[in-house]
Amino acid sequence: MNIVPKPLSISVLEGETLFSNSTEIVSPIDVIVKELNFLDYERGDDNKAIFQLAPTEYDYEIVINGDIRVVARTNEGLFHGAMTLKQLIFDGYFEGVATIKNCHIKDRPRFEYRSFMLDIVRHFFDKNAILKLIDILSLVKINNLHLHISDNQGYRLESEVFPELNEKANTRRSTRGDGIPVGGYLSKADVKEIVDYAGERFVNVVPEIDLPGHTLFMLVARPETGCTGEQFDLAERYGIDNRILCAGNEENYEIIDKLLGEITEMFPSKYFHIGGDEVPKTQWQKCEKCRAVVEREGFDNYEQLQGYFTNRVINILKRYDKIPIVWNEALYSDMLDDSAVCQYWSDGRGARAVREALKNGRKMFVSKNFPCYLDYPHGINPLKRAYRFEPMSCFDGVGEENILGIESPLWTEWVADEDKLHHQAFPRAIAFAETGWTRKEDKCYKDFVERLYNVLGILEAYEVGYEHPTKANPNIFKAFGQAVKFLIDMLDLGDRKAVRNALDAQKGRKK
Ligand SMILES: [Zn+2]
């Protein structure tokens, strides 16, 4: 049966059941009725689709046998059952009536955290684009949408506490000299609509304010938050920037407190991402206030200053009752607060730090850039490799019980419109959805692609584009061309400062 992600078990029974206009849907949550009414139905057999809270050892069970009965312990489980049924309806739909093979499905997820990330800074994607994504993410049982909302190129939320963020840090004038302004932000009403729509579909929206690197937006709005106090413009290139928040300015911690206070009120998710990646320490080394903290605290290096900064932000978040998430560079200080969940993305030093942290009991999400990054072209991260990625293979069995789940991030430096966004995201994000849900012994690429076409049909019905599976695994020549072009763009070799900063961010920077 064409269901993605593949359920734990399916027993096919004798006969078929119709789903039509004459099927009465009985559900404790309205969203299920809305979701199943996504096609135009004609009259069929008088029967029922009953969704019911009841004890079961699974996330949900479905029995289709004349009537359709979905049971689950939670409303979330009922919703997951409805998404499975939605795919079966689409697969069996013909001229207004869906014919579904009778069956008994039992299902539960492999990982509790199944996430997709969208960067709305490098290019802005508005409320409608995000709602459309939630339709597809929830269809394949992804339960977290991580939104990257601040960076060197802008700040993308309405702020009443710091209106200067919207006035000064919204629109960058140009990108690498193209003369095209890029701006936009989500109003508080937009965020509420997104969070409610996602919540109804059991998707948590996790905001990310990347700290202390990637913070030029704040220096633009409030120059006194930087080490030099200079007035800057938003970045018009993408590379790593060494203009970051001063770690020695006490007032900065009050500003962060107020900003996070405002954002945590907008997003009910228990998780809150505070970044921590790609932090060059050159300005900190030259800054009297930053040096004073290093002296006072007796630190040997500037990684520890980042650790100090991050732990102070974590203490703020604890007051707001949030669980912090950080990128793997935040481990380098060796003093990161135990409560922070680490998001593993980079090789080399990142991989070594992650292994060490896992051994010591750190909780972890996996989104290794190869092959989880969806902004990378298919020539670098082809669909087949994306699908075959086994998150546990990164750890040699060490600390695997601490892996909470996986994420596929979509950065948008080179993704300027929704069509490109859809082609980068799908179907690779659907492949990761299956890895997050389905037991590894039940996964098979060939079988996945056969089941995938049904889901891609639903994407078409929602007017969401995708890369055709045959094009999503380019041959070696095409792959090489795509990879070279992407690497040249990403390294931005014309921007020597960014290259220097990137190297600098890799170094620990001794005192
Ligand atoms: Zn400073």
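Two residues are in contact here if their C-beta atoms, placed from the backbone, lie within 7 Å. By that criterion, in this predicted model, ten residues of domain 1 are in contact with eleven residues of domain 2. The domain assignment places domain 1 at residues 9-107 and domain 2 at residues 113-506.

**The two domains**

- The centres of domain 1 and domain 2, taken over C-alpha atoms, are separated by 36 Å.
- On the side of domain 1 that touches domain 2, helix α2 (residues 75-92) gives the most, with eight residues.
- By class, that side of domain 1 comprises five nonpolar, two polar and three charged residues.

**The nonpolar core**

- The largest nonpolar core has 141 residues, and those with the most contacts inside it are V70, A82, L137, L145, F217 and I430.
- Because domain 1 (9-107) and domain 2 (113-506) both give residues to this core, it lies between them.
- In soluble globular proteins, nonpolar side chains tend to be buried together.
- Leaving aside residues up to four places away in sequence, L145 touches F116, I134, L137, A198, V203, V205 and V206.

**Helices α9 and α10**

- Helix α9 spans residues 288-297 and helix α10 spans residues 302-319; their axes come within 10 Å and cross at roughly 90 degrees.
- Angles of 65 to 115 degrees count as roughly perpendicular, and α9 and α10 are therefore roughly perpendicular to each other.
- On α9 the contact is made by C290, V293, V294 and E297, and on α10 by Y302, L305 and Y308.
- By class, this contact of α9 with α10 has six nonpolar residues, one charged residue and no polar residues.

Methods: Residues are numbered from 1 along each chain as its sequence is written. This is a predicted model: local features need pLDDT of at least 70, side-chain atom pairs count only at pLDDT 80 or more; totals for chains, interfaces and linings use all residues. A nonpolar core is a set of buried Ala, Val, Leu, Ile, Met, Phe, Trp, Tyr and Cys residues joined through C-beta atoms within 7 Å. A residue is buried if 20 or more other C-beta atoms lie within 10 Å of its own, exposed if 12 or fewer, and partly exposed in between; C-beta atoms are placed from the backbone. Domain bounds come from an automatic or database domain assignment. Axes are lines fitted to C-alpha atoms, for helices over the stretch in contact, and angles run from 0 to 180 degrees between N-to-C directions. Helices (H or I, at least four residues) and strands (E, at least two) are DSSP runs, numbered from the N terminus. Angles under 35 degrees count as roughly parallel, over 145 as roughly antiparallel, 65 to 115 as roughly perpendicular and the rest as oblique. Ala, Val, Leu, Ile, Met, Phe, Trp, Tyr, Cys and Pro count as nonpolar, Asp, Glu, Lys and Arg as charged, and the others, Gly among them, as polar.
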